[in-house]
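Here is my note on the model you sent. Please read it with the structure open.

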Amino acid sequence: MVEEQLVKRGIRDMRVLRLMSAVPRHLFVDPTFAGKAYSDHALPIGQEQTISQPYMVALMTQELGLEGHEKVLEIGTGSGYQTAMLAELAERVFTIERIPEIGIAARERLQGMGYSNIIYRIGDGTVGWREFAPYDRIIVTAGAPVVPPFLEEQLAVGARCIVPVGDATNQSLVRVTRTGTGLHEEVLCSCTFVPLIGKEGWSAGNPS
């Protein structure tokens, strides 16, 4: 997976590559799909949600530019695979999941694996988590219709966010940096994620 899917496609951060080799991805997927866990595509995790393909997880993690001291907000816990990557590279991770069954399962999985620097919440991630703001990094693991408005106040000045933005089928992975005067956006690549549902995202059942 690392050599064929990641290195050849431009993932260059050695810490990310080591993690992609070390974190057991098959533990984060339904046992039915364990044989496909390291293939280069997303897999279902139930409730119409997915675990992102390895390349996209590696790319988003790399583009966050984590150095070890950061406070990170993750919107969309999902299976917890991306959360594990963040917990390995940052000081603290605050993660929000909209669907209780998925969020609880991820928490139990991650705690069982020994991760102790993650704070969990079940709720609407489209409004962020104001209580612990500002954040040094924010990652959104679902497709938003626009760059989430909460970033303006909850992202620290000089900090960055990685977020997919677009409609239900065509999105761009965007790196957002908060400057002293506002948000600066850069498009990294095209992508496809499940819709970001909530007050500041798509309405349930209408991601278009």
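This is a predicted model: local features need pLDDT of at least 70, side-chain atom pairs count only at pLDDT 80 or more; totals for chains, interfaces and linings use all residues.

**Notes on cavity, pocket and strand pairing**

1. Numbering starts from 1 along each chain as its sequence is written, and side-chain values use heavy atoms, with hydrogens and water left out.

2. The structure has one cavity of 30 Å³ or more. The largest cavity holds about 410 Å³. Its lining counts 32 residues, and Gly 76, Thr 77, Gly 78, Glu 97 and Thr 141 are the closest to its centre. (On a 1 Å grid over the protein atoms alone, a cavity is a set of points where a 1.4 Å probe fits but cannot get out; lining residues have an atom within 4 Å of a point.)

3. Which elements supply at least two residues each to that lining? They are strand S2 (49-51), helix H3 (54-64), strand S3 (71-75), helix H4 (81-89) and S4. By class, the cavity lining has 16 nonpolar, 13 polar and three charged residues.

4. Now the open space. The largest pocket (an open set with protein on both sides within 12 Å along at least five of seven lines) holds about 150 Å³. Its lining includes Ala 42, Met 56, Cys 191 and Phe 193. The pocket lining has five nonpolar, five polar and no charged residues.

5. Last, the strands. S4 (residues 92-97) and S5 (residues 118-122) run parallel, joined by five bridges.

Terms used
Two strands pair if DSSP finds at least two bridges between them. Helices (H or I, at least four residues) and strands (E, at least two) are DSSP runs, numbered from the N terminus. Grid points are joined across faces, edges and corners, and a volume is the space filled by probe spheres set on the points. Ala, Val, Leu, Ile, Met, Phe, Trp, Tyr, Cys and Pro count as nonpolar, Asp, Glu, Lys and Arg as charged, and the others, Gly among them, as polar.
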